[in-house]
Amino acid sequence: PGNSFNRNLGKEKFHKSQHFDFTNKIPKWVGEAKSGIGGEPLGGQKLLPKHSVFPRGVGSDSPSWVAFDKQVLSFDAYFTEDIVSSSEEAYRVRLCKIYFYLEDDTIQVVEPEIKNSGIPQGTLIRRHRIPLPPPNDEEFYTVEYFNINEEVVFYSRPFMIVDCDQFTRNFLRKLGVRINTP
């Protein structure tokens, strides 16, 4: 009496997480991704981060959607497209820009429009969180997956990153990422 520590001291959440959910009216078990009572992980459970981990000590302790508002990492990339209708060329290299939005880990892929090229251009992938290729398709791309001379695969299409802008270089250095040479 009096010598034991109350583990519930200071806690405000005591709810029990639901381990089942409905997707298209079909019950589905999602228990591995849910925490235990009060939002704490169960014994032996490792919860995946929902968003990227950014360096501490830069700016304030505000949430990422406030601290990184309107900050975008810009990467120059290309992808190859097979040409089956032409005997003169087997594939075509198409240049594009990959934008990684820091506030919510969303990605957008845009191909600059070239007049009279005859191929559809513009936004290739709209801004949203893109899942990793299988078998890790329950996780999403974060900033750690992007570097120069690295290949990322968005929806079975490989994109080769060849360069980035100065803001992106500085931000990746602050994260401790060793930037490859272009």
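## Aromatic cluster

In this predicted model, ring pairs join Phe 75, Phe 79, Phe 100, Tyr 141, Tyr 145, Phe 146, Phe 154 and Phe 159 into a cluster. A search of the whole structure gives nine aromatic pairs. One of them is formed by Phe 100 and Phe 146, whose ring centres are 5.4 Å apart with the planes at 55°, so the pair is tilted. Phe 100 belongs to strand β4 and Phe 146 to the loop between β6 and β7, so this pair ties together parts that are 46 residues apart in sequence. Phe 100 has a relative accessibility of 0% and counts as buried; Phe 146, at 1%, also counts as buried.

Phe 146 forms an aromatic pair with Phe 154 as well, again tilted, with 6.4 Å from centre to centre and 45° between the planes. Phe 154 is buried, its relative accessible area being 1%.

## Nonpolar core

The largest nonpolar core holds 26 residues. Ile 98, Ile 107, Phe 146, Phe 154 and Phe 159 are those with the most contacts inside this core. Two or more residues each come from β3 (72–82), β4 (91–101), β5 (106–111), β7 (151–154), β8 (157–164) and α2 (166–175). Strand β3 supplies the largest share, four residues.

What does Phe 146 touch, not counting residues up to four places away in sequence? The list is Phe 75, Ile 98, Phe 100, Ile 107, Tyr 141, Val 152, Phe 154, Ile 161 and Leu 172. Among these, Ile 98, Ile 107 and Phe 154 are also named with Phe 146 for the most contacts inside the core, while Phe 75, Phe 100, Tyr 141 and Phe 154 are also members of the ring cluster.

## Surroundings of Ile 125

Ile 125 is placed in strand β6, which covers residues 122–128. With a relative accessibility of 10%, Ile 125 counts as buried, because the limit for that class is under 20%. Leaving out residues up to four places away in sequence, Ile 125 touches Gln 108, Val 109, Ile 130, Phe 154, Tyr 155 and Phe 159.

Ile 125 and Phe 154 are 29 residues apart along the chain, and their C-alpha atoms are separated by 8.7 Å. Two of the residues that Ile 125 touches, Phe 154 and Phe 159, are among those with the most contacts inside the largest nonpolar core.

## Charges over rings

Pro 134 and Pro 135 are joined by a cis peptide bond with omega of about 10°. Pro 135 is found in the loop between β6 and β7, the loop that also holds Phe 146.

Asp 105 and Ser 156 are residues other than glycine with a positive phi. Phi is near 60° for Asp 105, which lies in the loop between β4 and β5. For Ser 156 phi is near 70°, and the residue is placed in the loop between β7 and β8. Is each of these residues buried or exposed? Asp 105 has a relative accessibility of 1% and counts as buried, whereas Ser 156 is exposed, with a relative accessible area of 71%.

## The chain as a whole

The secondary structure comprises two helices and eight strands. Along the sequence these follow the pattern β-β-α-β-β-β-β-β-β-α.

The chain has 182 residues, of which 27% count as buried. Of the contacts with a separation of 6 or more, 44% are between residues 24 or more positions apart. The chain exposes about 13300 Å², and carbon and sulfur atoms supply 52% of this area.

Key. Residues are numbered from 1 along each chain as its sequence is written. This is a predicted model: local features need pLDDT of at least 70, side-chain atom pairs count only at pLDDT 80 or more; totals for chains, interfaces and linings use all residues. Side-chain values use heavy atoms; hydrogens and water are left out. A nonpolar core is a set of buried Ala, Val, Leu, Ile, Met, Phe, Trp, Tyr and Cys residues joined through side-chain atoms within 4.5 Å. Buried means under 20% relative accessible area, exposed over 50%, partly exposed in between (1.4 Å probe, protein chains only). Contact means heavy atoms within 4.5 Å. Rings of Phe, Tyr and Trp (its six-membered ring) pair if their centres lie within 6.5 Å; planes under 30 degrees apart count as stacked, over 60 as edge-to-face and the rest as tilted. Accessible areas come from the Shrake-Rupley method with a 1.4 Å probe; for residues, only the protein chains shown count as cover.
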